[in-house]
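I set down here what I looked up in this entry, in the order in which I took up each point.

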Amino acid sequence: MLKQKQNVWNVPNVLTMIRLLLVPLICFLVYNDRMIAGLSVFLIASVTDLVDGYIARRYQLVTDFGKLMDPLADKLMVVSLMVVLAVRSIVPIVAVALLMVKEMLMVLGGIFLLKNKDVVVFAKPIGKVAQLITTLGLVLCFFHKAFEGLGVPVHLIVLWAGVVLAMAALWYYAAAFLKVLKERRGL
């Protein structure tokens, strides 16, 4: 049976594409120490993530394209910002490396399941919480100089909490991935 072709050019997917287009601007601003401007664009991009999901669910505009591109756009935005912050010595490179490896494994696993098992992987609550905490940590990184004055790296504490949750989410998704493989093999 043929699947009905979905219209990918709906409002939620356009918002996702706008978020993708804002990533280089965020990185440029942060790299050039234009932190308030960078934070403003980052927050706008983050709001598009909230709005696109709401609109997609509310008006039944969920597409396979959106299920794949929305989390990919989130991952690209977060990892790109973390790389720039690491280059500027605001966040530790180890946190960036852990998150990059996790995200790479998630993308590769998602592609494998879609191509070989016709399964679309979408965000689960643990992944959403990890993303939220990591994003909060990144927002706090824009104020890193204020935390240096306090002597408590609040931004890094929150960011590391997000990274730890992201690693826990990876284990959760890996277990779900293995379960799908077993079910599809009939084991």
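How exposed is aspartate 33? I worked from a predicted model throughout. I read a relative accessibility of 39% for aspartate 33, so I recorded this residue as partly exposed, the class between the cut-offs of 20% and 50%. I placed aspartate 33 in the loop between α1 and α2. I also noted its backbone: aspartate 33 has a positive phi of about 60°, although it is not a glycine.

I then turned to the loop between α2 and α3, where I found glutamine 60. Glutamine 60 is likewise not a glycine, yet I read a positive phi of about 50° for it.

Next, I looked up the helix packing. I found helix α1, residues 11–31, packed with α3 at an angle of about 5°, and I noted that the two axes lie 9 Å apart. I therefore described α1 and α3 as roughly parallel to each other, given that angles under 35 degrees fall in that class. I listed the residues of the contact of α1 with α3 as 16 nonpolar, four polar and three charged.

Last, I examined the surface. I found a nonpolar patch formed by Tyr31, Val83, Val87 and Met100, with about 360 Å² of accessible area together. I located one of these, valine 83, in helix α3, which spans residues 64–87. I counted valine 83 as partly exposed because its relative accessibility is 32%.

Technical notes: Residues numbered from 1 in each chain as written. Predicted model: local features only at pLDDT ≥ 70, side-chain atom pairs only at ≥ 80, totals over all residues. Heavy atoms only, no water. Patch = residues over 30% accessible without salt bridge, like charges linked within 9 Å, V, L, I, M, F, W, Y side chains within 5 Å. Areas by Shrake-Rupley, 256 points an atom, 1.4 Å probe, with all protein chains shown as cover. Salt bridge = Lys/Arg side-chain N within 4 Å of Asp/Glu carboxyl O. Helix = DSSP H or I, 4+ residues; strand = E, 2+ residues; numbered from the N terminus. Buried < 20%, exposed > 50% of the residue type's maximum accessible area, 1.4 Å probe, protein only. Axes fitted to C-alpha atoms, helices over the stretch in contact; angles between N-to-C directions. Parallel < 35°, antiparallel > 145°, perpendicular 65-115°, else oblique. Nonpolar A, V, L, I, M, F, W, Y, C, P; charged D, E, K, R; others polar.
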